[in-house]
Protein chains: 2
Amino acid sequence: MLLDKINCPNDLKKLDISDLPLLSEEIRDCIVKKVNTTGGHFAPNLGFVEASIAIHYVFNSPVDKIVFDVSHQCYPHKILTERKEGFINPDKYLKYTGYSAPEESLHDVFKIGHTSTSITLALGLAKARDLNGENYNVIAVIGDGSLSGGEAFEGLNNAGVLNSNIIIIVNDNEMSIAENQGGLYENLKLLRETKGKSELNFFKAMGFDYQYLEEGNNTKALIELFKSVKDINHPVILHIKTLKGKGILAAEQNKEAFHWIVPGGLDNFGKENNTFIEDNNSITRDFLLEKAKTNKNLVAITAATPGAVGFDKNFRQKMGKQYVDVGIAEQHAVGFAASLAKGGAKPVLFILSSFVQRAYDQLSQDLALNKAPAVLLINWCGISGQDATHLGVFDIPLISNIPNIVYLAPSNREEYLKMLDFSINQTEFPVAIRVPLTTLMPEGKEDNTDYSILNKFKTVQKGAKVAIIGAGDFVRLAVETSKLLKEQTDIEPTIINPCFLSGLDTDLLDELKKDTKLVVTLENGVLSGGFGEKISAYYGSSNIKVLNFGAQKEFTDRISPDELYKKWRLRADLITEDIKQALKS
Amino acid sequence: MLLDKINCPNDLKKLDISDLPLLSEEIRDCIVKKVNTTGGHFAPNLGFVEASIAIHYVFNSPVDKIVFDVSHQCYPHKILTERKEGFINPDKYLKYTGYSAPEESLHDVFKIGHTSTSITLALGLAKARDLNGENYNVIAVIGDGSLSGGEAFEGLNNAGVLNSNIIIIVNDNEMSIAENQGGLYENLKLLRETKGKSELNFFKAMGFDYQYLEEGNNTKALIELFKSVKDINHPVILHIKTLKGKGILAAEQNKEAFHWIVPGGLDNFGKENNTFIEDNNSITRDFLLEKAKTNKNLVAITAATPGAVGFDKNFRQKMGKQYVDVGIAEQHAVGFAASLAKGGAKPVLFILSSFVQRAYDQLSQDLALNKAPAVLLINWCGISGQDATHLGVFDIPLISNIPNIVYLAPSNREEYLKMLDFSINQTEFPVAIRVPLTTLMPEGKEDNTDYSILNKFKTVQKGAKVAIIGAGDFVRLAVETSKLLKEQTDIEPTIINPCFLSGLDTDLLDELKKDTKLVVTLENGVLSGGFGEKISAYYGSSNIKVLNFGAQKEFTDRISPDELYKKWRLRADLITEDIKQALKS
């Protein structure tokens, strides 16, 4: 294998150009095997093998700096920069994260997992280089899909007027995570069709020198292109057309399905799966399809991640005009939802916890200040073993400290359905619902709660001495803890399901003072600025003691939930221990 | 006066087109007198008088919807929509806010004061209209300066493919708040120079039908243009060239100085002011100018608001390449600062509290996750009588709950200087400094604190029984309260200046347990998710009682600080009262 001889870019440079297509195939093979085993970004990486080889053949990393947008295409780069064992040795498959990671290699400058940042980050490096009187190439690699995000545009606008070296490679595989959305993509299509010759050129209009390469999977052509701009003294866009999923027919033909796959995703593709298991996505989908029939102005919205929230092709087709994918554009998504609501429609925006933070200002100004009665479903919430760039623990401080937004946390299937129903029928305020990573299980009895009575907590079990407030899917943990506490101490605690994360039920909290000595809060998110601290503050001047359990303020990086639960004492046995300790003091 | 007969758009429509230039002059006069009296946005409004008249002459508001971006140009619209008394009657000058405000009029759909949102908001209305089977025009008015903000681009990209009516008026006055920045503005220049005929056209590249009007201050020409697109069935950009400050020579010639003026700003323009009074801006400016001499990679950065933070022409000139205005592009600004720091430079980003929230994801991902040692100076922080769109009270929850960012709050001039010095010399983590609206006064003795010892609180006065923790400029309030408490109860409280908002001094807090019964926290910002709640949570399981004082979670709208201080009991007398009450219970 050629790859046996390659550990770093210098090894690569020793190969003859004629050897590189074979190397591409070897790298592609590694990626296919590795990702089909562990899951991960599949098709974007396969399409960028040749370009990654050409970049490292021509440029001089880590002196020259390469910034990969969102890092969905960084596997070939990782293989070429001393990390191939993570792709060829099954025992090391989980050693490296799927994203750019400076802690792994000098060849990665930034830890990146959110889109549309590469041009901005590259521009900062270029400016620092110029101020320091240094001399190297700065290269941003951005996919066509990432271009729709606002920061990419802000970066382009500023980069266009830099009077020195910055090279922006637009990896145009004609896809975002799903289909591209928007007027810009008509221009990219025109540019591809005219082989870059069209006078109407978005990039030139932004002030850039521009070159187009039709054969973006041809190593030789790429090397020529990159050599022609190496050490260039001004900003340049290299628009290269690549094939997403290249080398695997199923991926080439099903780009969205193969953007990211689960373990075995390639092997099992196309095999019928008749075992339907209900999950949060299917609950939501069925609810919306039903409501959309009679509410012709109900619109389901996603910002480029329909797959992540279960908006499959069948759903999109049935929803028709009542489904909008705005592309990678979270700020627009939130503002658009707010405006639809003000215009009398019923928007329901699906967005992941980790990505809703990309639109804080729109949550505050467009949505909350305007009391726009839009519905936001915040998905993938809670402690997880995710990469540090994809944590779902910061949404409670993010959303619940903004005035006017009602933030609901269902603890089971029936509550979720009732909250959905309430949120789309009310017209008073924005409602966000925290959809946990864990599946909301049926409780077996219908929820008749009137959620228009704001901040009314539910008493799940009336006990004494201790009260455990478990938010959202941590009602379960409260119940478990209660059982253990009862077993070990004979104390039967009160259990409370707050339902609301954005306000306190002061009547209930006052009532608790009568027979409660200790209040325990449990939340599946970061404590800092979150729910539990508000309970502590409320009881600050009373005789009630409060213990808060939740995630600490840190970016955890692929640490297993079990380890985190142990570390943060988020287990019934550990909480019980702490309760007993607190009661002693 | 023609204006006497005009209360609403229907009155306007009765005038002959030949009367409109005179009406323009009358409206312009009102605005000049009013804004010169109260202060406010001056030049942007003067440039948009004719266009506002033409819009209301042609379109049918409030059935047709008009969305003004950032509302810097909405005064003529307000005058024409039943609010002229706020501009002609000095007694009513303060009746209306300077921004779009639905609570004032049906002709305003949204409360808006942050930039770059208009296209997104207009698109939501257009989509709602289409879903509801309604039929009206939706018009977005956006300045050239606002186009550089990411959300504007996200909105354009999505609006470009709408298959129905949306009219986007680009009010090109060749200025942002200060000069425009970026490649896009080269294209706008080219379009102006070619009277819209250039083949290279940013808007067409985004998929839009496009018309250019050279005479953007000619009512008749504007009316013809608007009539030609009324009820259009697809998206269209109307690029009109206007004169910022039109009608007032000083403003036409000094567009930046007249973007927003203080009361008397026109009358006093050009008069020498020899009374220099030091303020936070001048402290910062002097510090940076001095440091920039020896630190050639120190860069001061603003996102389009150099005036608001005191970056005057002299400063910009002296800083040269060490000053960057990125335009309206807060996401880019934060990512750029993070990247400069990773590239070995020393970025210092100035940004207002109300606008830093436009870059939460960049604070979290680019800056904090990457531990980029950039410096952020968060300006205009604290409770104020500002419009609801410009509050400076949400930055503590926003920033302090993100891991890895050190958030410092100086209480006086010397601390501020020492913190600045510390922040630009350290290379370990991002540092944000909370610069209050109030002036940081000299204490008279140098600050020798070593701020690299993180989360070390300062004991200002050692007392007993009660401890008052006053954050930032509320150390002053802590001292006042201490005096009053001593007078009234003979209790001399401990006074603590935490200096850090992003972490707790647990040693000091534990030490306090020995002789303290009640801890009081004071913060000049919203309590929800803020500093005080963390103290409450820390003492939750102890016998210490805690009272938190700060702003409640609400969007206050032009309510005087005195009223807010009273309402939130943020006065020494009221706090003392509450302390005495708490000590009794």
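User: This is a predicted model. At the start of helix α13 of chain A, which backbone nitrogen does a side-chain oxygen of D279(A) reach?

Analyst: A side-chain oxygen of D279(A) comes to within 3.1 Å of the backbone nitrogen of N281(A).

User: Which residues of α13(A) are buried?

Analyst: Start with the general idea. An α-helix has 3.6 residues a turn, so residues three or four places apart point the same way. Now the case here. The buried residues of α13(A) include I283(A), F287(A), L288(A) and A292(A). N280(A), N281(A) and S282(A) are also among them.

User: What covers these buried residues?

Analyst: Strands and helices of chain A do. The cover includes β8, β10, β11 and β13, along with helices α14 and α19.

User: Let me turn to chain B. In what order do the six strands of its parallel sheet run?

Analyst: First, the general idea. Strands of a sheet pair through backbone hydrogen bonds, either parallel or antiparallel. In chain B, the order is β9-β8-β10-β11-β13-β12, and the sheet is open.

User: Why is one side of β9(B) and of β12(B) left without a neighbour in the sheet?

Analyst: These two strands stand at the edges, each with a single partner strand, so one side of each has no neighbour in the sheet. From one strand to the next, the twist averages 20°.

User: How many bridges pair β8(B) with β9(B)?

Analyst: Three, in the parallel sense.

User: What is the strand order in the open sheet of five strands in chain B?

Analyst: The order is β14-β16-β15-β17-β18, with mixed pairing. β14 and β18 of chain B stand at the edges, so one side of each is left without a neighbour in the sheet. Here the twist averages 25° from one strand to the next.

User: How do β15(B) and β16(B) run, parallel or antiparallel?

Analyst: They run parallel, joined by three bridges. In β16(B), I496(B) is the bridge partner of I469(B).

User: Which strands does helix α20 of chain B lie across?

Analyst: α20(B) lies across β14, β15, β16 and β17 of chain B, at about 155° to β15(B). Helix α24 of chain B lies across β15, β17 and β18, at about 145° to β17(B).

User: Now a single residue. Is I399(A) buried or exposed?

Analyst: Buried means under 20% relative accessible area. I399(A) has 1% relative accessibility, so it counts as buried. I399(A) sits in helix α18 of chain A. Beyond residues up to four places away in sequence, I399(A) touches L363(A), I378(A), I405(A), Y407(A) and A432(A).

User: How far apart are I399(A) and L501(A)?

Analyst: They are 102 residues apart in sequence, and 9.0 Å apart in space, C-alpha to C-alpha.

User: Last one. What rotation superposes chain A on chain B?

Analyst: A rotation of 180°, with 0.0 Å of shift along its axis. That is the relation of a two-fold axis. The same surface serves both copies: 100% of the contact residues of chain A recur in chain B.

Methods: Residues numbered from 1 in each chain as written. Chains lettered and ligands numbered in written order. Predicted model: local features only at pLDDT ≥ 70, side-chain atom pairs only at ≥ 80, totals over all residues. Heavy atoms only, no water. Pairing = 2+ DSSP bridges. Helix = DSSP H or I, 4+ residues; strand = E, 2+ residues; numbered from the N terminus. Axes fitted to C-alpha atoms, helices over the stretch in contact; angles between N-to-C directions. Contact = heavy atoms within 4.5 Å. Buried < 20%, exposed > 50% of the residue type's maximum accessible area, 1.4 Å probe, protein only. Polar contact = N/O pair within 3.5 Å; in protein donor to acceptor, adjacent residues only side chain to side chain. Least-squares fit on C-alpha atoms with pLDDT ≥ 70 in both.
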